[in-house]
Amino acid sequence: DPQHQLVPEGGQRQRREVSMTLNISADLSSLFTWNTKQVFVFVAAEYETPQNALNQVSLWDGIIPAKEHAKFLIHTTNKYRFIDQGSNLKGRDFNLTMHWHIMPKTGKMFADKIVMTGYQLPEQYR
């Protein structure tokens with residue numbers, strides 16, 4: 001459930017910052033083979049604006065060093081700032097997308113993702 005707050009910036013301008021509590025659970029153990037060195041995973045808020053078809057804000061990331069750590073449940077707030085500059089996010093629909101990059105011991109890196117739809121930011125800020 002996104003929460004918003006006004007954060008004073010230099011002068012009269014203010015920017016709005018979205019604060020989220022994330023419950024992230026995944027089992028990425030199937031990504032590990034004999035050739036997997038580690039897996040980089042991140043969760044991003046993704047949305048469209050008239051200026052850009054894809055806007056992406058990283059909210060959380062981590063490195064999974066081994067298959068034994070690939071099944072996890074994390075309860076956290078967003079690790080990185082989600083800032084609305086110019087009230088472009090009020091009422092905006094957005095997706096939460098989990099991306100992962102498999103870093104092999106040898107060969108090409110492989111990336112994939114899963115998109116979770118149906119999120120919307122409030123029309124009003126606190």
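Visitor: Which residues is Leu-28 in contact with, leaving aside its neighbours within four places in sequence?

Guide: They are Val-41, Ile-64, Ala-70 and Phe-72. Contact here means heavy atoms within 4.5 Å. Before we go on: this is a predicted model, where local features need pLDDT of at least 70 and side-chain atom pairs count only at pLDDT 80 or more, while totals for chains, interfaces and linings use all residues. Residues are numbered from 1 along each chain as its sequence is written, and side-chain values use heavy atoms, with hydrogens and water left out.

Visitor: What makes a nonpolar core, and which residues have the most contacts inside the largest one?

Guide: A nonpolar core is a set of buried Ala, Val, Leu, Ile, Met, Phe, Trp, Tyr and Cys residues joined through side-chain atoms within 4.5 Å. The largest has 27 residues, and Leu-28, Leu-59, Ile-64 and Phe-82 have the most contacts inside it. At least two of its residues come from each of β3 (21-27), β4 (36-47), β5 and β8 (93-104). Strands are DSSP runs (E, at least two residues), numbered from the N terminus.

Visitor: Why is the link between Asp-61 and Lys-79 called a salt bridge?

Guide: The term asks for a side-chain nitrogen of Lys or Arg within 4 Å of a carboxyl oxygen of Asp or Glu. Here the closest N and O atoms are 2.7 Å apart, so Asp-61 and Lys-79 qualify. Asp-61 lies in strand β5 (residues 55-64) and Lys-79 in the loop between β6 (71-77) and β7 (82-84), so the pair ties together parts 18 residues apart in sequence. A search of the whole structure finds one salt bridge.

Visitor: What makes Trp-60 and Phe-72 a tilted pair?

Guide: Rings of Phe, Tyr and Trp (its six-membered ring) pair if their centres lie within 6.5 Å; planes under 30 degrees apart count as stacked, over 60 as edge-to-face and the rest as tilted. By this rule there are five aromatic pairs. For Trp-60 and Phe-72, the centres are 6.2 Å apart and the planes 35 degrees apart, so they pair, and the pair is tilted. Trp-60 sits in strand β5 and Phe-72 in strand β6, twelve residues apart. Both residues are buried.

Visitor: How do you know that β4 and β8 pair?

Guide: Two strands pair if DSSP finds at least two bridges between them. Ten bridges join β4 to β8, so they pair, and they run antiparallel. Phe-40 stands opposite His-101 in β8. Nine bridges join β8 to strand β9 (residues 110-120), also in an antiparallel run.

Visitor: Why does Thr-49 count as buried?

Guide: Its relative accessibility is 13%, so it falls in the buried class. Thr-49 lies in the loop between β4 and β5, and a polar contact of 3.2 Å joins the side chains of Thr-49 and Asn-55.

How values were computed
Helices (H or I, at least four residues) and strands (E, at least two) are DSSP runs, numbered from the N terminus. Buried means under 20% relative accessible area, exposed over 50%, partly exposed in between (1.4 Å probe, protein chains only). A polar contact is a pair of N or O atoms within 3.5 Å; within protein, one must be able to donate a hydrogen and the other to accept it, and residues adjacent in sequence count only if both atoms are side-chain atoms.
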